Amino acid sequence: MATKQPSFDGFLIEEIDTQAALNQDEVLNGQHYKVAVLKRCILYPQQSGKLTITSGNYDVGVVQYENYRTPFGTMSQPVERQLTVQSNQSTVNVLPLPEPRPATFTGAVGKFSVKTSLKNPDLKTYKAAVYNYSIEGTGNIKYIKAPAVGFPKEFDVYDPKNNVKTSHAGGDVYGTVNIEYTFIPQYAGDFTIPASVFTYFNPETGQYEDVNVPATKLTVGKGEGTPSNHYRMQNMDIRNIK
C-alpha cells in the first residue's frame, strides 16, 4: 500500500494497472532478491528542462524464510514481515520540440495515421449529418486536440465530440480517437470540405511529419424544414427586432 505517492510535476501520466507479485529475480551487489513492480506509469512531459520525479513510500507485506538447525539438518520456516520501502528520486532531462513548429502542428507526439468519412452520405438540407475524423497510432493520443475542419459556410456546424479508445503496448499507449463533427446543410448543391494536413512530431525520426487528408466532395439534396436559429444567428450582422 502506498503511504506517499511519488509526484510527477510537469508530466501527464498514464497509470498502468499492476498486480504486485514477487515473481521476478534480480541480483544486486552479489545478493539475490525477489522483485515486485509496485507502480508503472507512462509519462508525457509537458515542458522541457530537468523534471524531477520524487520518491514514494510503500508498506509491503512479505514472507521471509529463516533457516535454523535441527537434529535432522537445516530447516526453513516462513515468517511474515511488514516492510516500509522507498523508491528513489529520479531526474529526467526533457528536450524541447524543434523550432520552428509547423502551423498545422497542434501537439500530437508519436506516430499516427488519419482517415475521414461521412456517417450518412445521403445529405439533405436541414438534416443533421456527421463527418468523422479518425486518428490512429501510438503516442499522446488521449491529448490530441480536435483539428480545425474547413466546412463550407453554408453549413451549420456544432462543436466536435471525441471518442477515445486506447490500450497499452509496451511502454506506450496505442489507440484511436474518433472526432465527430455534426453539421446541418442549409442549402442544396455541391460542396467541398477542403483538403488539410495533420502534423505530428515523430520522436523516432526527430522530425515533424505530415499526413495529407484529402478533400471530401458533398452533394446536398433538398430536404424539408427551415434554416436553423443557430445558423441564422451566426450569419447575421444585425438581429431581428422583437
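Which residue forms a salt bridge with Glu 66? In this predicted model, the partner is Arg 81, and the closest N and O atoms are 2.2 Å apart. Glu 66 lies in strand β7 (residues 57-70) and Arg 81 in strand β8, so the pair ties together parts that are 15 residues apart in sequence. Glu 66 is partly exposed at 36% relative accessibility. Arg 81 is partly exposed as well, with a relative accessible area of 31%.

Strand β8 spans residues 73-86 and also holds Leu 83. Leu 83 has a relative accessibility of 33% and counts as partly exposed. Residues up to four places away in sequence aside, Leu 83 touches Tyr 58, Asp 59, Val 60 and Val 62. A separation of 61 Å lies between the C-alpha atoms of Leu 83 and Ala 128, residues that are 45 apart along the chain.

The salt bridges number six. One of them joins Glu 15 to Lys 39, with 2.9 Å between the closest N and O atoms. Glu 15 belongs to strand β2 (residues 11-16), while Lys 39 sits in the loop between β4 (31-35) and β5 (40-45), so this pair ties together parts 24 residues apart in sequence. Glu 15 is partly exposed, at 43% relative accessible area. Lys 39 is partly exposed, at 23%. Another salt bridge links Arg 101 and Glu 99, where the closest N and O atoms are 3.3 Å apart. Arg 101 is partly exposed, with a relative accessible area of 44%. Glu 99 reaches 60% and is exposed, because the value is over 50%.

Aromatic pairs number eleven. Phe 112 and Phe 198 form an edge-to-face pair, 6.4 Å centre to centre and with 90° between the planes. Phe 112 lies in strand β10 (residues 105-118) and Phe 198 in strand β17 (residues 196-202), so the pair ties together parts that are 86 residues apart in sequence. Both phenylalanines, Phe 112 and Phe 198, are buried.

The rings of Tyr 131 and Tyr 181 have centres 6.2 Å apart and planes at 55°, so this pair is tilted. Tyr 131 is in strand β12 (residues 129-139) and Tyr 181 in strand β15 (residues 172-185); the pair links distant parts of the chain, 50 residues apart. Tyr 131 is buried, with a relative accessible area of 3%. Tyr 181 is buried at 4%. Tyr 131 and Tyr 181 belong to one aromatic cluster, together with Phe 151, Phe 155, Phe 183 and Phe 191.

How values were computed: Residues numbered from 1 in each chain as written. Predicted model: local features only at pLDDT ≥ 70, side-chain atom pairs only at ≥ 80, totals over all residues. Heavy atoms only, no water. Helix = DSSP H or I, 4+ residues; strand = E, 2+ residues; numbered from the N terminus. Buried < 20%, exposed > 50% of the residue type's maximum accessible area, 1.4 Å probe, protein only. Contact = heavy atoms within 4.5 Å. Phe/Tyr/Trp six-rings, centres within 6.5 Å; stacked < 30°, edge-to-face > 60°. Salt bridge = Lys/Arg side-chain N within 4 Å of Asp/Glu carboxyl O.
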